Amino acid sequence: MTPARLIRSEGPIRIWSLLGSGDTLRIEAMLGLYAKLFPQYAHYVPRMRRRAKFGEEYRLGHIVHYWLAEVDGQAAALRTFRYVRGRHVGLAHALAVEPAYRGVTVGGQRLSMFLVHACLGQILADAEQLGDAPVLGMVTEVESPRLMKYYEKNGILELPVNYVEPIFPPEEPDCSREEQFARIEFSPMSLGLLPIDALRDQAFSSELIADFALAFLVDHYGLPVEHPRVQAVIHSIPVLP
C-alpha cells in the first residue's frame, strides 16, 4: 500500500491527500464518512472509489483533490474539490465534518471553514506550480439559504444566478450515457464564490459569472452547453458590466 500524502499538520489535525495513493484504509474511511453524511448521494460512492485509484491530474485540464482530515488519528472530515485550468477557478464539491468533531477549531476557525480556506490555498498553489494565471477563487454549490448565510459570514459571496445541481441516477451496467442524462434530476441551489483576497471587493461581470456556472455544469458534470437546463441557468444571470 502506498501511503496517502500528508499535506497539512496543525496540532492534533492531519490532512491527507488520497487520490492515487492506494491508501485503502483512509480512502474507505473517507468514503464511509461521505455515505454517512451525504446519504442522498451515497450512490456516488462506487464512482468515487474508482476515481481514487488515479492521480490528481488523471482528467485533462483538471486537478482533483480528495482530502481526509483526521483528529488524533480518527477520521473527522472530508473535502473534495478541483482546479479547472481553462476557467482559472476552483470547484468545491463535498465538505462534511463528523458531528463529534464539529466543535474542533484550527487557528481560531471551525474545522469546516479551515478546510474551505485551505482548499483555496491549494488551488492557488496548483495554478502557480503549472505556471497558470492566478485563480479567481473557489466556486461552491450551496444547498440551503441558511447555509448560504453562514458562508457569507465567512467570506463567501452569493452569485446572482438561478443555479441547479444535476443529480445523476445510480449506475446501471447497461445504461447508456444518453439514458443516464435523460434520468438526471435537478435541484435548485445557490452558487457561492470564495474569491482571492485581491478580488474581494470587485464586481463580477455576467460573462464571468456564467463561466463559474459552466465550470460546474459543463466542465465537471459533463452536460452539453446547449442543454436546456444549462441555458436556463446562463440566461438567469442579470446583465452586468
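Colleague: Before we start, what should I know about the model and the numbering?

Modeller: The model is predicted, so local features need pLDDT of at least 70, side-chain atom pairs count only at pLDDT 80 or more, and totals for chains, interfaces and linings use all residues. Residues are numbered from 1 along each chain as its sequence is written, and side-chain values use heavy atoms, with hydrogens and water left out.

Colleague: OK, where is E165 found?

Modeller: In strand 10, residues 163-167. Strands here are DSSP runs of E with at least two residues, helices are runs of H or I with at least four, and both are numbered from the N terminus.

Colleague: What does the side chain of E165 make a polar contact with?

Modeller: The side chain of Y41, at 2.7 Å. A polar contact is a pair of N or O atoms within 3.5 Å; within protein, one must be able to donate a hydrogen and the other to accept it, and residues adjacent in sequence count only if both atoms are side-chain atoms. Leaving out residues up to four places away in sequence, E165 also touches E141, E185, F186, S187, M189 and Y221. Touching, or contact, means heavy atoms within 4.5 Å.

Colleague: Now E56. Buried or exposed?

Modeller: E56 counts as buried, at 17% relative accessibility. You'll find E56 in the loop between helix 2 and strand 3.

Colleague: Which side chains make polar contacts with E56?

Modeller: R5 is one, at 3.0 Å, and H65 is another, at 3.5 Å. Among the other residues E56 touches, not counting those up to four places away in sequence, are S17, L19 and R51. The C-alpha atoms of E56 and R82 are separated by 8.8 Å, and those two residues are 26 apart along the chain.

Colleague: Changing topic: why is strand 4 largely enclosed?

Modeller: Because nine of its 11 residues, in the run 74-84, are buried.

Colleague: What does strand 4 pair with?

Modeller: Strand 3 (residues 62-71) pairs with strand 4 in the antiparallel sense over 10 bridges. Strand 5 (residues 89-97) is also antiparallel to strand 4, joined by seven bridges. Pairing here means that DSSP finds at least two bridges between the strands. As examples, Y66 has T80 in strand 4 as its bridge partner, and A77 has V97 in strand 5.

Colleague: And which residues take a positive phi in the hairpins?

Modeller: In the hairpin of strand 3 and strand 4, with two residues between the strands, D72 does, near 55°. In the hairpin of strand 4 and strand 5, with four residues between, H88 takes a positive phi near 55°.

Colleague: How many salt bridges does the count come to?

Modeller: The count comes to 13. One of them is R50 with E171, where the closest N and O atoms are 2.6 Å apart. R50 lies in helix 2 (residues 45-51) and E171 in the loop between strand 10 and helix 5 (177-182), so the pair ties together parts 121 residues apart in sequence. R50 is partly exposed at 40%, and E171 is partly exposed at 36%.

Colleague: What about R87?

Modeller: R87 and D211 meet in a salt bridge through their side chains (2.7 Å, N to O). R87 sits in the loop between strand 4 and strand 5 and D211 in helix 6 (residues 206-220), so this pair ties together parts 124 residues apart in sequence. R87 counts as buried at 18% relative accessibility, whereas D211 is partly exposed at 24%.

Colleague: Last one: how many disulfides?

Modeller: The count is zero, with a disulfide taken as a pair of cysteine sulfur atoms within 2.5 Å. C119 is buried with a relative accessible area of 0%, and C175 also counts as buried, at 18%.

Key:
Buried means under 20% relative accessible area, exposed over 50%, partly exposed in between (1.4 Å probe, protein chains only). A salt bridge is a side-chain nitrogen of Lys or Arg within 4 Å of a carboxyl oxygen of Asp or Glu.
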